[in-house]
Amino acid sequence: MTAVLIDGKARALALRESVAAGVREFVAAHGRAPGLTVVLVGDDPASAVYVRNKGAATLAAGMVSAEHRLPAHVPEAALLALVAALNNDPAVDGILVQMPLPRHIDSDKVIAAIDPAKDVDGFHPVNAGRLATGLPGLVPCTPTGCLLLIEEILGDISGMEALVIGRSNIVGKPMAALLTAKSATVTLAHSRTRDLAAHVARADILVAAVGVPHLVKGEWVRTGACVIDVGMNRIALPDGKTRLTGDVEFEAAAVRAGWITPVPGGVGPMTIACLLANTLKAAWARSI
């Protein structure tokens, strides 16, 4: 392995400490702590673990953490009514509705119902539009975390070739917008991209976010590239156990890359840290 391993845990810890300091300043100025409320619908085990981790991180940063757990069969109207109540609650600075939602609930409708000023996930169309047009707003947490890692390593990325694989509204599209705002030359690849290997070979910065195990082959990676693997795929092992792996063929890519994120331990910790940062940002903005 020649690539430098990107320690997302260490960078996330530094960000969380910075947020905690900012929370102390907010409390001193306003006499209350910022509040983050998470809504969990159903009993998906992975979502439950993620929500629990978010709650613990929120409390550790000195914020107020609240949860609403609803059964999987909850009517869409009831969920929308809860969101409306949280929008109107002055103690709530950030609202996060954990995805995915049950099939009978329209996720887009729920996201659109959240007050954009409290949309700490950064998924609301208003925040997406602000990002696309270069205006300030709340930005999705995972792409923000990726950019922080990239800039810490490379510094000024102006003019660099950046490839984002995946065009989701959660990671791919906002990631491309963030890189474009930093004046990188950005290509957004997807399932219909022809000759993906050729695009990867040109990239100084590669962000893989498609959820397909080992889609990106190690030999495709440009020598010295910065590789950010957002993929979190659980695969079966011959002994019947499972393990997490990314979208990039890690061992082969690490021979060629200059820097690479591990899975797990790379991008994942940054997502929650950036969620805390968004909550603090939302609280300050609402207090003006």
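Visitor: How many cavities of 30 Å³ or more does the structure hold?
Guide: Welcome! Local features here need pLDDT of at least 70 and side-chain atom pairs pLDDT 80 or more, while totals for chains, interfaces and linings use all residues of the predicted model. Side-chain values use heavy atoms, without hydrogens and water, and residues are numbered from 1 along each chain as its sequence is written. On a 1 Å grid over the protein atoms alone, a cavity is a set of points where a 1.4 Å probe fits but cannot get out, and at 30 Å³ or more the count is 1.

Visitor: Which strand gives the largest share of the lining of the largest cavity?
Guide: Lining residues have an atom within 4 Å of a point, and here they include Ile95, Leu96 and Val97. Strands are DSSP runs of E, at least two residues, numbered from the N terminus. The largest share, 3 residues, comes from strand 4 (residues 94-97).

Visitor: What volume does the largest pocket have?
Guide: A pocket is an open set with protein on both sides within 12 Å along at least five of seven lines. Grid points are joined across faces, edges and corners, and a volume is the space filled by probe spheres set on the points. For the largest pocket, that gives about 1,300 Å³.

Visitor: Which helix gives the most to the lining of the largest pocket?
Guide: Happy to say! Helices are DSSP runs of H or I, at least four residues. Helix 2 (45-60), helix 6 (141-154) and helix 10 (268-287) are among those supplying at least two residues each. With 6 residues, the top contributor is helix 2.
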